[in-house]
Amino acid sequence: MFCMRLVLPLIAGLWSSAATAQDVSHPDLAGTFRLTMRTATEAKVPVIGTTIVKTTSKLLATVTWTGDQYVQTHRTCTVDAIPSRGIAKTVLPPTFIAALPVKTYPLRLSQDAQGWAFDADLMPQSVGYHPDQNGGVMPKSKDNPAIYDWDEDGKPGASVMVDIPVIGQFRIYMVQFSHARLTGRVQSADLVTGKTVMMALDQKTIGADNVLFSSSPSVAPAQGHWAFEMERIADGSTCGDL
């Protein structure tokens with residue numbers, strides 16, 4: 001009887017310690033999320049002029065606890081680009097979306113007086129060229145050997161469709177470099193909100209079906225369309241569910 005009385009408090013103490021440790025630990029973010037990212041780009045485009053392009057991307061993200069940190073993996077499901085000037089519409093073909101890489105990166109959580117801060121470096125991304133074959137420099141000519149058929153549509157670099165009512169629809173071929181970061185707050189285990197920060201952005205046009213648009217636009221990150229949300233959804237969800 002004495003042994004039972006001794007063992008039971010020990011077990012109770014272990015459960016109590018575990019519960020206490022869980023109560024003060026980081027939020028439980030493991031699971032599946034719909035990640036909505038917004039970015040804005042100021043572009044000076046030939047013929048059209050200066051426009052602000054607001055892009056909203058829907059991504060399917062999975063968070064796992066690996067080692068001593070959360071790791072997130074995402075794939076891009078849809079990208080919607082809306083220019084401030086309605087004269088032109090940019091459409092990313094399904095081949096472009098499918099070619100966007102699945103990314104895996106650590107999540108950094110830090111506790112402060114307001115709760116938990118959230119930070120995710122989405123890592124640099126090159127589109128349409130191999131940076132390691134060009135010393136990290138973005139190519140400017142379609143003849144550069146670092147450029148390849150990124151979206152496998154038979155054209156150099158990455159293809160984007162442009163639709164202008166007076167001119168019609170045509171395709172431009174481009175290469176791009178970008179580097180984004182998510183910084184925000186953990187609102188709950190089911191919701192993270194904050195700001196999408198574009199740390200680097202560059203783009204070069206290497207060709208176009210319409211020669212009027214064969215020169216490169218000048219692009220730079222713009223303000224006013226930068227919020228992101230990560231909302232928990234059912235595990236096993238797919239891009240179709242978004």
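The paragraphs below go through the fold, the disulfide and the salt bridges of a predicted model. Because the model is predicted, local features need pLDDT of at least 70 and side-chain atom pairs count only at pLDDT 80 or more, while totals for chains, interfaces and linings use all residues. Residues are numbered from 1 along each chain as its sequence is written, and side-chain values use heavy atoms, with hydrogens and water left out.

The protein contains two helices and eleven strands. Both kinds of element are DSSP runs numbered from the N terminus, helices being H or I with at least four residues and strands being E with at least two. Along the sequence the order is α-β-β-β-β-α-β-β-β-β-β-β-β. Among contacts with a separation of 6 or more, 64% are between residues 24 or more positions apart; a contact here means heavy atoms within 4.5 Å.

The protein has 242 residues, and 40% of them count as buried. Buried stands for under 20% relative accessible area, exposed for over 50%, and partly exposed for what is in between, with a 1.4 Å probe and protein chains only.

A disulfide is a covalent bond between the sulfur atoms of two cysteines. The criterion applied is a pair of cysteine sulfur atoms within 2.5 Å, and by this rule there is one disulfide. Cys77 and Cys239 form it, with an S to S distance of 1.9 Å. Cys77 belongs to strand E3 (residues 69-83) and Cys239 to the segment after strand E11 (227-233), so the bond ties together parts that are 162 residues apart in sequence. The torsion about the S-S bond is about -70°, and the disulfide is therefore left-handed. Cys77 is buried at 14% relative accessible area, whereas Cys239, at 29%, is partly exposed.

The charged side chains come next. A salt bridge is taken as a side-chain nitrogen of Lys or Arg within 4 Å of a carboxyl oxygen of Asp or Glu. Searching the whole structure gives seven salt bridges. One of them pairs Arg185 with Asp112, at 2.7 Å from N to O. This pair links distant parts of the chain, since Arg185 sits in strand E8 (residues 168-188) and Asp112 in strand E5 (residues 103-112), 73 residues apart. Arg185 is partly exposed, with a relative accessible area of 26%, and Asp112 is partly exposed at 33%.

Strand E8 also holds Arg181, which forms a salt bridge with Asp119. Their closest N and O atoms are 2.9 Å apart. Asp119 is in strand E6 (residues 115-127), and the two residues are 62 positions apart. Arg181 counts as partly exposed at 24% relative accessibility, while Asp119 is buried at 16%. Arg181 meets Asp121 in a salt bridge as well, at 3.4 Å from N to O. Because Asp121 lies in strand E6 and Arg181 in strand E8, this pair ties together parts that are 60 residues apart in sequence. Asp121 is buried, with 16% relative accessibility.
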